[in-house]
Amino acid sequence: MASAARPFTRGALRLAPANFRATATRNARFAVPRQTFPRQSRRGYADNAAPKSGSSGLLWGIGLAALGGGGFYYYSQNPDLFSGKEVKPKGPFTPKFEDYQQVYNTVAKALEEHDEYDDGSYGPVLLRLAWHASGTYDKETGTGGSNGATMRFTPEGDHGANAGLKAARDFLDPIKEKFPWISYSDLWILSGICAIQEMQGPHIPFRPGRTDRDVSFCTPDGRLPDASQEQKHLRTIFGRMGFNDQEIVALSGAHALGRCHTDRSGYDGPWTFSPTTLTNDYYKLLIEEKWAWKKWSGPKQFEDVTTKSLMMLPTDMVLIKDKSFRQYVEKYAKDNDAFFKDFADVVTRLFELGVPFTTGEDARWTFKSSFDEA
């Protein structure tokens, strides 16, 4: 993993211990003196003489000039018709990889420019938006998932687990206005991918095709994890989406990023000392650090004994208490590359839940991040 720190990753330091349009050619105007053309009798010319040629010639001149000017204008507006090139009819705009990469670049630039949020980056909350938009999927009913962006509407946007995500949606609104062709659903997922990669995480493949739905597609509350619960709850929530124990642990690695807020979840604090950089530190800290219940008036959470500046949720601690979960915690704590590989695989699946794609997995794209060499 690249070790270079972006400007917005400085939160880690604070937390460490100690973007020829031819102007339409105007038709030529001719300064012709205003003339009076006498009406001619139906009898024709009384003296049987031919009409004078001056007026007729002038009319012919005006007509030919107008025809010529019109022809030149038509040519200037349709040059390909006279070039010998095949002219293809214009159809609706179909975005290509380059168009989506431009959206990615815009999100990445906004992340760099707006470093006033939380620990120096909107990255974690963008990832959480993509995660929560996807994590409502139910494999039995085929409802929920990342297709629809139904969190735009009050019922789902107000679910307790989605508290604080308005900040992410508001952050992306100007980008949606700049690229109106992209659906909210695709934008949210693309931005989540951008957040992962710009926080020095692995590359996550992206496949477009999500559409936006109306309020009737909002999912019921209770489909996202409850941090106060234990292993049975985790297996029920993630199992409904189709994930096994290893995938549950790999997805939990996203807790290396961001923090909890008392005015949202009720919990407080970051999980790691580098909450804007994705590493396997979450797993290392779970195993290597000593944890104790935090003595405070808030909901039950753990704090590290050494610095009392980090926290773990009850659902985090069960990953080392449960024997099946723990084997994967230990694996990822020892091997960051293994974590990145499994995390990329399972997040790709998560972000595609509930999407009726018309293309296969071979249509996935990988975006170039700001850390990639030119």
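This is a predicted model: local features need pLDDT of at least 70, side-chain atom pairs count only at pLDDT 80 or more; totals for chains, interfaces and linings use all residues.

Biologist: Okay, and where is Gln-200 found?
Modeller: Gln-200 is in the loop between helix H7 (184-198) and helix H8 (231-241). Its phi is positive, near 70°, and Gln-200 isn't a glycine.

Biologist: Where's the place of Ala-149, then?
Modeller: Ala-149 lies in the loop between H4 and H5. With a relative accessible area of 3%, Ala-149 is buried.

Biologist: What about Thr-150, buried or exposed?
Modeller: Thr-150 counts as buried, since its relative accessibility is 8%. Thr-150 is found in the loop between helix H4 (123-134) and helix H5 (154-157).

Biologist: Which residues is Thr-150 in contact with, leaving aside neighbours within four places in sequence?
Modeller: Those are Glu-156, Arg-213, Asp-214, Phe-217 and Cys-218.

Biologist: Let's zoom out. How many helices and strands does the chain have?
Modeller: The secondary structure comes to 13 helices and five strands. The chain has 374 residues, and 44% of them count as buried.

Biologist: At what angle do the axes of H9 and H13 cross?
Modeller: The axes of helix H9 (residues 245-252) and helix H13 (residues 336-350) cross at roughly 100° and come within 9 Å. The two helices are therefore roughly perpendicular to each other.

Biologist: Which residues make that contact?
Modeller: From H9 it's Gln-246, Glu-247, Ala-250 and Leu-251, while H13 brings residues including Phe-339, Phe-343 and Arg-349. By class, the contact has seven nonpolar, one polar and three charged residues.

Biologist: Now the strands. In what order do the three strands of the open sheet come?
Modeller: The order is E3-E4-E5, with antiparallel pairing. Strand E3 (291-293) and strand E5 (311-312) stand at the edges with a single partner strand each, so one side of each has no neighbour in the sheet.

Biologist: How many bridges join E4 and E5?
Modeller: Strand E4 (residues 302-304) pairs with E5 over two bridges, in the antiparallel sense. Phe-302 stands opposite Met-312 in E5.

How values were computed. Residues are numbered from 1 along each chain as its sequence is written. Side-chain values use heavy atoms; hydrogens and water are left out. Axes are lines fitted to C-alpha atoms, for helices over the stretch in contact, and angles run from 0 to 180 degrees between N-to-C directions. Helices (H or I, at least four residues) and strands (E, at least two) are DSSP runs, numbered from the N terminus. Angles under 35 degrees count as roughly parallel, over 145 as roughly antiparallel, 65 to 115 as roughly perpendicular and the rest as oblique. Contact means heavy atoms within 4.5 Å. Ala, Val, Leu, Ile, Met, Phe, Trp, Tyr, Cys and Pro count as nonpolar, Asp, Glu, Lys and Arg as charged, and the others, Gly among them, as polar. Buried means under 20% relative accessible area, exposed over 50%, partly exposed in between (1.4 Å probe, protein chains only). Two strands pair if DSSP finds at least two bridges between them.
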